[in-house]
Amino acid sequence: MIRVTVYKTGRHEYAGFDLSGHAGYADSGKDIVCAAVSALVINAINSIGRYTDDRTSCITDEEDGRIEFRFSQTPSHDALLLLDSMILGLEQIEDSSEYEPYIDIIFKEV
């Protein structure tokens, strides 16, 4: 199962997110849930890096399927929009009765 933990401050601002695990929907290379989640997450990270001036840190471990992404300061409006878009896509996967068993999204206050 893929676990996504989204961190928000007490003022409901994004602080970052963690992603870990593999979906296990199908064999490696044929897992459409893993592919969809990876595309959404990697595109969001790359877009924040290219289209905003936000300072971030990102640690990845492809073998473990782990990504730790953090904002160094309060995210800009554009970074928030990009993260909202990523989360919308992830939630739509989670809301699907077919794919719901393979992804879990939680929000934590930091």
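Colleague: How many residues does helix H2 have, and how far does it reach from its first C-alpha to its last?

Modeller: Helix H2 (residues 77-95) has 19 residues and reaches 26 Å between its first and last C-alpha, close to the 27 Å expected at 1.5 Å a residue. The expected span is 1.5 Å times one less than the number of residues. Helices (H or I, at least four residues) and strands (E, at least two) are DSSP runs, numbered from the N terminus. This is a predicted model, in which local features need pLDDT of at least 70 and side-chain atom pairs count only at pLDDT 80 or more, while totals for chains, interfaces and linings use all residues. Residues are numbered from 1 along each chain as its sequence is written, and side-chain values use heavy atoms, with hydrogens and water left out.

Colleague: Which residues of H2 are buried, and which are exposed on the other side?

Modeller: An α-helix has 3.6 residues a turn, so residues three or four places apart point the same way. Buried means under 20% relative accessible area, exposed over 50%, and partly exposed in between (1.4 Å probe, protein chains only). In H2, the buried residues are Ala-79, Leu-83, Met-86, Ile-87, Gly-89, Leu-90, Ile-93 and Glu-94. They cover an arc of only 155° around the axis, which puts them on the same side of H2; the arc is that of the directions from the helix axis to the C-beta atoms. On the other side of H2, His-77, Leu-81, Gln-92 and Asp-95 are exposed.

Colleague: Which strands are joined to S1, and in which direction do they run, parallel or antiparallel?

Modeller: Two strands pair if DSSP finds at least two bridges between them. S1 and strand S5 (residues 103-109) run parallel and are joined by seven bridges; Ile-2 has Ile-103 of S5 as its bridge partner. S1 and strand S2 (residues 14-20) run antiparallel, with six bridges, and Lys-8 is partnered by Tyr-14 of S2. Strand S1 (residues 2-8) is largely enclosed by the rest of the structure, because five of its seven residues are buried. Arg-3 lies in this strand, yet it counts as partly exposed, at 44% relative accessibility.

Colleague: What phi does His-12 take in the hairpin of S1 and S2?

Modeller: Most residues other than glycine have a negative phi. His-12 has a positive phi of about 65° although it is not a glycine. The hairpin has five residues between its strands, and His-12 lies in that loop between S1 and S2. His-12 counts as exposed, at 62% relative accessibility.

Colleague: What is the volume of the largest pocket, and which element gives the most to its lining?

Modeller: On a 1 Å grid over the protein atoms alone, a pocket is an open set of points where a 1.4 Å probe fits, with protein on both sides within 12 Å along at least five of seven lines; lining residues have an atom within 4 Å of a point. Grid points are joined across faces, edges and corners, and a volume is the space filled by probe spheres set on the points. Here the largest pocket has a volume of about 450 Å³. Of its 25 lining residues, His-22, Ser-38, Ile-42, Glu-62 and Gly-65 are the closest to its centre. Helix H1 (32-51), strand S3 (56-61) and strand S4 (66-71) are the elements that give two or more residues to the lining, and H1 gives the most, with seven.
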